[in-house]
Amino acid sequence: MAHTAMSGNGTTAGDDPLQTAVWRLRSRACWADAAALLQTRTADAALQRAALLVERCLYTEQGWEEAEDALRTAEALAHTDDERGAAACERGYLAYAATLLGVRDRADEARAALGRTAALIPPGAAGRALLDFRRGLVAQNLADAPQAARAAFRRAHAGATAHGDLLLLSFTWRHLAGLSLREGELAEARHGFAESLRIREELGYLVGTAPALVSLADAEAEPEASRLREEARRLFQLLGGVPTWLARQLAPPAAGAATA
């Protein structure tokens, strides 16, 4: 299920040229352009296209109908348990995003879809780490259950490490650090945020770099915190105000909650 996390695809020399092009567009917030490169004749391509358009919803708060259409195509083409599980994971993530961003309360749908994913993808499989991470997001942001979120993020972190999923590791580092910050564990939070930022910079994941900078700023003292936020603000503006929800965190006083 590497296509749904899409880390490792196009991020290193020698990767497939198509995946390299998709990664470059995706990392620069050009999800629609990246999706347009993919033919949806196979389940794998349809799933990757759906994942791109679902991520666009979370970062731009737009494109919901197109993401739904892409998901329906992916679901129709899915025939194996792995493919069905990947499609269910994306459906759960889309429902989570819609709930989190106040579009519509789809929390029950998110939980049900991720539950279907768990039934289809066995522990230890590559796609299980992404599932664990998304279950952690639901626990953290929809259920306000930090202990359950921490456990899920730790499972995701271990899975991402085992499968070499560097992009997912940048997310698990960041969210585990966010929980540490919430509990006043500044040194641990600073370390996790710094690791997340390092990975994203090394991968060239530009659209995720500004959020990582803001998170690290929340754990730093002045004047370093202001320097990091200003760097994030420049990158945010360079990408045309994406992710949209970051505007609230960059406006003084900066909020401390992480979204993605």
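I started with Trp 31, which counts as buried because its relative accessibility is 1%, under the 20% cut-off. The model I am reading is predicted.

I then looked for aromatic pairs and found that the structure holds 7 of them. Trp 31 pairs with Tyr 59 in a tilted arrangement, 5.5 Å centre to centre with 40 degrees between the planes. Trp 31 sits in helix α3 (residues 31–36) and Tyr 59 in helix α4 (residues 43–60), so this pair ties together parts 28 residues apart in sequence. I checked Tyr 59 too: at 1% relative accessibility, Tyr 59 counts as buried.

Next I noted Phe 133 and Phe 153, a tilted aromatic pair at 5.5 Å centre to centre and 40 degrees between the planes. This pair links distant parts of the chain, with Phe 133 in helix α8 (residues 126–142) and Phe 153 in helix α9 (residues 146–162), 20 residues apart. Phe 133 counts as buried at 4% relative accessibility, and Phe 153 is buried at 0%. I also see both in one aromatic cluster with Trp 23, Phe 171 and Tyr 205.

Last, I looked at helix packing. The axes of α5 (residues 64–77) and α6 (residues 81–100) come within 9 Å and cross at roughly 160 degrees. Angles over 145 degrees count as roughly antiparallel, and α5 and α6 are therefore roughly antiparallel to each other. The crossing of α5 past α6 is left-handed. I listed the contact residues: on α5 they include Trp 64, Leu 71 and Arg 72, and on α6 they include Glu 90, Arg 91 and Leu 94. By class, I get 8 nonpolar, no polar and 6 charged residues in the contact of α5 with α6.

Terms used:
Residues are numbered from 1 along each chain as its sequence is written. This is a predicted model: local features need pLDDT of at least 70, side-chain atom pairs count only at pLDDT 80 or more; totals for chains, interfaces and linings use all residues. Side-chain values use heavy atoms; hydrogens and water are left out. Axes are lines fitted to C-alpha atoms, for helices over the stretch in contact, and angles run from 0 to 180 degrees between N-to-C directions. Helices (H or I, at least four residues) and strands (E, at least two) are DSSP runs, numbered from the N terminus. Angles under 35 degrees count as roughly parallel, over 145 as roughly antiparallel, 65 to 115 as roughly perpendicular and the rest as oblique. A crossing is left-handed if the near helix is turned anticlockwise from the far one by less than a right angle, and right-handed if clockwise. Contact means heavy atoms within 4.5 Å. Ala, Val, Leu, Ile, Met, Phe, Trp, Tyr, Cys and Pro count as nonpolar, Asp, Glu, Lys and Arg as charged, and the others, Gly among them, as polar. Rings of Phe, Tyr and Trp (its six-membered ring) pair if their centres lie within 6.5 Å; planes under 30 degrees apart count as stacked, over 60 as edge-to-face and the rest as tilted. Buried means under 20% relative accessible area, exposed over 50%, partly exposed in between (1.4 Å probe, protein chains only).
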